[in-house]
Amino acid sequence: METQVLVVGAGPVGLTLALDLGRRGVSCMLIERNETSIQLPKMERCNARTMEIYRRLGIAEKVRDAGLPRGAPMDVFLATSMADPAIVRLPYPSVAEAKAGIAAHNDGRPLEPYQLISQYTLEPLLRAIVETLPGVSVRFGCELTTFTQDANLVSATVRTSTGANETIRAAYLIGCDGGSSTVRKQLGIPLQGEGNIRKLRQALFLCEDLYERIPMGKGRHYHIAEGPLFPFIILQDSTRHWTLHAAASSDGEMADIFKRSLAMPIGFRMLSVNEWTQHLLCAERYGEGRVFIAGDAAHLVIPTGGLGMNTGVGDAIDLSWKLAATLAGWGGPRLLASYQSERRPIGLRNVKVSAAAMSGRLSWRAAYRPGVRQNTPEGAAIRAEMAKRFDVEQRKVTEILGIEAGYRYAGSPAVWREPGEGPDPDNPRFVATTWPGARLPHVWLNDGTALHDRLGPGYTLLRLGKKRLDTSNLARALRARGAPLEVLDIGDEPARAIYGYDALLVRPDLHVVWRGNQSPEAAEAIAAVATGHNP
Ligand SMILES: Cc1cc2nc3c(=O)[nH]c(=O)nc-3n(C[C@H](O)[C@H](O)[C@H](O)COP(=O)(O)OP(=O)(O)OC[C@H]3O[C@@H](n4cnc5c(N)ncnc54)[C@H](O)[C@@H]3O)c2cc1C
């Protein structure tokens with residue numbers, strides 16, 4: 001066997017997966033059919049959960065250094081042009097302000113705020129980091145054409161840039177190969193939902209001094225109230241590059257729309273135009289046998305709400321430790337199967353949330369009338385109606401922290417079942433909880449450090465408060481299965497208060513398996529569930 005895990009596709013999801021696998025000591029090969037990382041703009045915002053994951057991978061500050069400057073506001077505007085006053089301004093803090101807010105509160109909110117970074121900046125950065133990992137080999141210009149699998153291994157045929165065919169054998173193959181995934185198609189897994197909803201054009205512009213000259217102020221999203229095209233202008237990380245999305249009928253029209261939307265004499269250069277299609281789809285299954293799919297290969301959302309790459313990063317982090325555990329021998333036969341049980345419901349949910357975000361956008365656009373710019377009572381009434389709707393509906397895109405970071409693996413076979421309902425796992429508002437399946441909330445310790453930063457790569461048995469619950473039977477049961485475990489005693493009151501329990505068992509991906517106020521009677525069964533050995 002040449003490698004333990006063959007990852008197909010070096011988009012953000014494949015790169016994140018390879019990074020986590022490499023750090024866990026798994027030998028891994030990452031292949032990418034293109035010769036270089038993506039050049040066209042796509043995603044531009046890592047959400048709070050992705051940034052927490054990147055912090056855990058030790059790269060959050062590198063991502064921030066490469067992304068939008070920390071002091072830049074993240075406001076969202078509706079206006080009749082870039083030169084006009086805002087009809088609505090939704091203010092959102094810069095990274096520096098958001099970090100100050102996080103530092104000032106100890107209430108379980110995410111440890112990291114979002115970060116604007118263009119996908120064409122993020123991918124080469126991740127690639128450069130992955131290439132430094134000794135166990136990971138990265139091969140660009142190498143396309144998966146076909147594969148077979150049996151009970152012991154996967155045999156993949158790849159075509160290199162010279163046209164030669166090679167065979168690569170691996171214990172597992174992961175298709176992070178995007179929306180038109182070869183891996184998903186070859187497994188015969190159908191996509192469910194609504195495909196080909198609408199086509200849009202996206203253009204990338206270099207406009208050196210626009211950022212400094214926008215009268216309504218600096219922000220990240222500018223929606224232009226001009227039907228029927230509704231140009232949407234997005235700031236990229238350099239602050240000199242901008243993308244425009246519009247349902248234009250030709251590439252050439254994009255430059256005209258941009259010029260009209262600017263409505264001020266500013267020079268710009270159009271660097272690229274491409275067409276993209278909106279889908280709301282989720283794969284019926286997330287894999288078969290030794291082959292799994294993750295990221296856009298498994299779910300395709302309308303990027304309104306930023307749940308594309310960010311959902312895929314969540315897939316990668318769920319799958320990575322389960323692969324490592326199974327390959328190391330302590331992961332039980334049901335651990336990898338729990339990947340689908342945990343991540344597909346999140347994929348389906350995020351498709352639904354993206355649909356709601358998109359219909360919200362359509363609803364404020366429906367209030368548009370051609371007289372919107374007029375300085376008349378009629379014009380004012382149109383603006384007021386658009387503003388009223390925008391103020392409600394646009395928040396479905398930008399105020400969904402509960403969806404981004406509050407997801408819980410309700411009903412997962414790799415999580416201990418606690419009686420009762422638990423908080424709503426689909427609440428768009430973020431609610432810190434330690435219900436089994438939830439991501440462990442962030443807590444500041446008395447010495448000013450974050451508890452998350454104290455958690456190692458394996459399981460952690462957290463003992464909180466002054467009681468020092470006897471959890472030795474659970475520790476023994478986990479260690480007997482060979483699972484890596486650290487026991488961490490935290491006496492600080494805020495942690496006990498926020499977590500609400502004397503002891504918690506936390507998985508390598510920081511999701512809670514079990515919590516309790518008494519020594520666990522079912523220690524053997526909890527250890528079996530946590531490691532995928534449950535019957
Ligand atoms: C306009 C736009 C804006 C967006 N904004 C956001 C946002 O703000 N936030 C967000 O989270 N998401 C956003 N998204 C979605 C985001 O871009 C995708 O979800 C993300 O790229 C998915 O990453 P991935 O790694 O799963 O797949 P991809 O990025 O598609 O990468 C797949 C890779 O696999 C390679 N590949 C394919 N087939 C093979 C093969 N057979 N062999 C080898 N390699 C192969 C491809 O070349 C590609 O490099 C946006 C998308 C668009 C179009």
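The second largest cavity of this predicted model holds about 50 Å³ of space. A cavity is a set of points, on a 1 Å grid over the protein atoms alone, where a 1.4 Å probe fits but cannot get out. Grid points are joined across faces, edges and corners, and a volume is the space filled by probe spheres set on the points. Lining residues have an atom within 4 Å of a point; for the second largest cavity they are Arg45, Met74, Tyr92, Tyr114, Arg220 and Thr398. This lining divides into three nonpolar, one polar and two charged residues. Here Ala, Val, Leu, Ile, Met, Phe, Trp, Tyr, Cys and Pro count as nonpolar, Asp, Glu, Lys and Arg as charged, and the others, Gly among them, as polar.

Residues are numbered from 1 along each chain as its sequence is written. Local features need pLDDT of at least 70 and side-chain atom pairs count only at pLDDT 80 or more, whereas totals for chains, interfaces and linings use all residues; side-chain values use heavy atoms, with hydrogens and water left out.

The search of the whole structure finds four cavities of 30 Å³ or more. The largest cavity contains about 70 Å³ of space, and its lining includes Asn47, Leu307, Arg343, Glu404 and Tyr407. At least two residues of this lining come from each of H9, helix H10 (337-365) and helix H13 (401-405). Helices (H or I, at least four residues) and strands (E, at least two) are DSSP runs, numbered from the N terminus. By class, the lining of the largest cavity has four nonpolar, five polar and two charged residues.

A pocket, in contrast to a cavity, is an open set with protein on both sides within 12 Å along at least five of seven lines. The second largest pocket has a volume of about 490 Å³. It is lined by 23 residues, of which Ala48, Pro93, Ala98, Tyr114 and Leu401 are the closest to its centre. Helix H4 (95-104) and H13 each supply at least two residues of this lining, and H4 gives the most, with three. The classes represented are 13 nonpolar, four polar and six charged residues.

The ligand has 30 residues around it, and Glu32, Gln119, Asp296, Met309 and Asn310 come nearest; a residue is near a molecule if one of its heavy atoms lies within 4 Å of it. One oxygen atom of the ligand is 3.4 Å from a polar backbone atom of Pro12. For the side chain of Asn34, an N or O atom is 3.3 Å from a ligand oxygen. A distance of 3.3 Å also separates a backbone N or O atom of Gly308 from an oxygen atom of the ligand. Within the shell, S8 gives the most, with three residues. By class, the shell has 10 nonpolar, 12 polar and eight charged residues.

An open sheet of eight strands has the order S5-S4-S12-S13-S14-S11-S15-S18, with mixed pairing; two strands pair if DSSP finds at least two bridges between them. Its edge strands, S5 (86-90) and S18 (299-300), each pair on one side only. Strands S12 (residues 221-224) and S13 (residues 232-235) run antiparallel and are joined by three bridges. The bridge partner of His221 in S13 is Ile234.

Note on methods:
Polar contact = N/O pair within 3.5 Å; in protein donor to acceptor, adjacent residues only side chain to side chain.
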